[in-house]
Every structure is written in structure tokens, then in C-alpha cells.
Amino acid sequence: MGAAAGFRHVQRADGTVVITHGRVAGTLRGARAAEFLAEVDDDPQLVMARWTGNYRHGNERTAKQHARNRG
């Protein structure tokens with residue numbers, strides 16, 4: 001699986017965290033923002049993909065087995 005790329009996050013003065021992926025992908029406030037900031041140092045791209053819901057959609061295996069995707 002390829003790593004997620006292109007995510008960025010900005011922490012605002014009021015504690016709000018805005019995650020972008022070309023456009024705003026998510027806004028976190030309060031305890032969720034603090035939890036995100038504590039976790040984001042591990043692997044920022046994958047953490048941001050997971051927090052925004054743009055991580056796995058569940059159809060990767062099905063698509064891999066589809067006739068047009070078989071060699």
C-alpha cells in the first residue's frame with residue numbers, strides 16, 4: 001500500500017487544528033485537537049489520512065480482483 005501524501009496541518013492560535021489535502025479535509029477542536037497533536041509526530045501523513053477518514057475505503061481487495069485489473 002502506498003503512503004498517503006499531500007496532507008498538511010496548521011495549528012491556530014485558538015487551539016484549532018486544520019488538516020488540508022488540497023482543500024480543507026478536517027477541522028479539530030478541543031480534546032480531539034490535543035489528541036491529534038500528541039499522535040501526529042509518529043508518522044504525520046498516515047496519521048492525518050486516518051484522522052480525516054481518507055485512509056482505506058474497504059474496496060481495495062475487491063477492486064484488485066476485478067477483471068479489468070487482472071493483468
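Okay, so when I say buried, I mean under 20% relative accessible area, with exposed over 50% and partly exposed in between, using a 1.4 Å probe and protein chains only. On that basis, buried residues make up 21% of the 71 residues in this protein.

Quick housekeeping. This is a predicted model, where local features need pLDDT of at least 70 and side-chain atom pairs count only at pLDDT 80 or more, while totals for chains, interfaces and linings use all residues. Residues are numbered from 1 along each chain as its sequence is written, and side-chain values use heavy atoms, with hydrogens and water left out.

The protein exposes about 5400 Å², and carbon and sulfur atoms supply 47% of that; the areas are Shrake-Rupley with a 1.4 Å probe, and for residues only the protein chains shown count as cover.

Let's start with the hairpin. Strand β1, residues 8–11, and strand β2, residues 17–20, pair in the antiparallel sense over 4 bridges. Pairing here takes at least two DSSP bridges between the strands. R8 stands opposite T20 in β2. Between the two strands you get 5 residues, and G15 in the turn has a positive phi of about 95 degrees.

Now look at T16, in the loop between β1 and β2. Is T16 buried or exposed? T16 is buried, with a relative accessible area of 6%. Its side chain makes a polar contact of 3.0 Å with the side chain of D14. Polar contact means a pair of N or O atoms within 3.5 Å; within protein, one must be able to donate a hydrogen and the other to accept it, and residues adjacent in sequence count only if both atoms are side-chain atoms. Leaving aside neighbours within four places in sequence, T16 is in contact (heavy atoms within 4.5 Å) with V10, Q11, T27, L28 and R29.

On to the aromatics. How many aromatic pairs does the structure hold? It holds 1. The rings of F36 and W51 have centres 5.6 Å apart and planes at 75 degrees, so the pair is edge-to-face. F36 sits in helix α1, residues 30–39, and W51 in helix α2, residues 44–52, so the pair links parts of the chain 15 residues apart. For the cut-offs, Phe, Tyr and Trp rings (the six-membered one for Trp) pair with centres within 6.5 Å; planes under 30 degrees apart are stacked, over 60 edge-to-face, and the rest tilted.

Both F36 and W51 are buried. Again skipping neighbours within four places, F36 touches H9, V17, I19, L28, V47, M48 and W51.

That takes us to the largest nonpolar core, 11 residues in all: F7, V17, I19, L28, A33, F36, V40, V47, M48, A49 and W51. The elements giving two or more residues to this core are β2, α1 and α2, and α2 gives the most, with 4. A core here is a set of buried Ala, Val, Leu, Ile, Met, Phe, Trp, Tyr and Cys residues joined through side-chain atoms within 4.5 Å.

Last stop, α2. Its buried residues pack against β1, β2, β3 (24–28) and α1. Just after α2, G53 takes a positive phi of about 85 degrees.
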